Amino acid sequence: MAEQNTILEKLDGLESRYEEVSTLITDPNVIAEQDRYVKLTREYKELGDIMDARKRYIDCLNAIREAKDLLTNESDPDMREMAREELQTNESLQPRIEEEIKLALVPKDPEDAKNVQMEIRAGTGGDEAALFAGDLFQMYKKFCDSKGWSLSVTSASEGAVGGFKEIDFAVSGDGVYGTLKYESGVHRVQRVPATETQGRMHTSAATVAVLPEADKFEVNINEGDIKWDTFRSSGAGGQNVNKVESGVRLRYPWKNPNTGETEEILIECTETRDQPKNKERALSRLRTFIYDREHQKYVDDIANRRKSLVSTGDRSAKIRTYNFPQGRVTDHRIGYTTHDLQGFLGGNIQDMIDALTVAENAERMKESEL
């Protein structure tokens, strides 16, 4: 009973938030802020699903209580039989609704909804590794087609006998990262290569990286913080250059996101004889400078993430083995095996992803103490 109360307490706390969000998404000021509106409508849908489950849970608990009351106080055999059936139905329904609610209460990863950039690299195994990288690419391509997602190759380097030494591609659609993120790691294949004359089995590897697509970068400059100086340009350029203060210099205090320290950016512009034009150009340079520095932080973050997702293609750091002689695929993280190797390479990977999702959600539920 204590567990029921805990679940209901959590749900009661969300009811007021649901009402607040349903009001906010009708507010014209909120609708005008596109980013905020999109986030709130997503939250509204998620909370709506939880509120629906809450209603079904309360109805179920009430039905159990009423059936128990009838069994205690009713003497009519037909009524008692009906109460018994009602009790049985709802007692088996209760844990299923509880599980659904617990899962819905696990905090979502905000990156799950994003599109992805994927990379497949041939690792250990030479030509055979490149052929395997090609097989993996075809597997993901067929899977994405089955989901109605769009896949576009951004760069590819083909292997000497086919497949790819490396291939990079983008996938866009609904909830792409949340589905494909489990594919990051080293994939190992055991088979007799087409290039093998002696019929010996080889072990090769390919690495897969799945990276959530970056949000668009915006450079926010507080123009009130810019200190402007004007000065006379020197050097050749006719009489006007030295007489008019057309050169501009701006100083801007910029907080470096890498160090947290504020540094002063200094930009001078003397390109035209028109001071407003020089100001405009100096501002444009300031934006580009800040974009490049902040974009570099993003690139570094992705590089660090890539290091953690992908090792060198070494056989030991494997997440999954594709064994051709036994016709099986095994995921070593959760010990899941399917014996439909050809179907799996044909893009039927959803069951494996579902099993990985269930395992991850179980971990997250433990962390959330649900």
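H187 lies in strand β4, where strands (E, at least two residues) and helices (H or I, at least four residues) are DSSP runs numbered from the N terminus. With a relative accessible area of 0%, H187 is buried; buried means under 20% relative accessible area, exposed over 50%, and partly exposed in between (1.4 Å probe, protein chains only). The side chain of H187 makes a polar contact of 2.9 Å with that of Y322. A polar contact is a pair of N or O atoms within 3.5 Å; within protein, one must be able to donate a hydrogen and the other to accept it, and residues adjacent in sequence count only if both atoms are side-chain atoms.

The model is predicted: local features need pLDDT of at least 70, side-chain atom pairs count only at pLDDT 80 or more, and totals for chains, interfaces and linings use all residues. Residues are numbered from 1 along each chain as its sequence is written, and side-chain values use heavy atoms, with hydrogens and water left out.

**Strand pairing**

- Strand β4 (residues 185-191) pairs with β5 in the antiparallel sense over seven bridges; two strands pair if DSSP finds at least two bridges between them.
- Within this pairing, R188 has A205 of β5 as its bridge partner.
- Strand β5 (residues 202-212) has nine of its 11 residues buried, so the strand is largely enclosed by the rest of the structure.
- β5 is also joined to strand β1 (residues 116-122) by seven bridges, and these two strands run antiparallel; E119 has its bridge partner in A209 of β5.
- Strand β2 (residues 150-158) pairs with β3 in the antiparallel sense over eight bridges, with F164 of β3 as the bridge partner of E158.
- β2 and β3 form a hairpin with five residues between them, and G162 in the turn has a positive phi of about 120°.

**Loop residues**

- N115 sits in the loop between α4 and β1 and is partly exposed, with a relative accessible area of 21%.
- The C-alpha atoms of N115 and P212 are separated by 6.0 Å, although these residues are 97 apart along the chain.
- T272 occupies the loop between β8 (262-269) and α8 (275-309) and counts as buried at 17% relative accessibility.
- The C-alpha atom of T272 is 8.0 Å from that of G247, a residue 25 positions apart from T272 along the chain.

**Largest pocket**

- The largest pocket has a volume of about 1900 Å³.
- Of the 46 residues lining the largest pocket, R42, E46, D109, P110 and A113 are the closest to its centre.
- The elements that give two or more residues to this lining are α1 (2-24), α3 (34-73), α4 (77-105), α6 (176-180) and α10 (350-367); α3 provides the largest share, 12 residues.
- A pocket is an open set of points on a 1 Å grid over the protein atoms alone, where a 1.4 Å probe fits, with protein on both sides within 12 Å along at least five of seven lines; lining residues have an atom within 4 Å of a point.
- Grid points are joined across faces, edges and corners, and the volume is the space filled by probe spheres set on the points.
- By class, the lining has 16 nonpolar, eight polar and 22 charged residues (nonpolar: Ala, Val, Leu, Ile, Met, Phe, Trp, Tyr, Cys and Pro; charged: Asp, Glu, Lys and Arg; polar: the others, Gly among them).
- Domain 1 (1-105) and domain 2 (116-216 + 312-369) each give at least three residues to the lining, with domain bounds coming from an automatic or database domain assignment.
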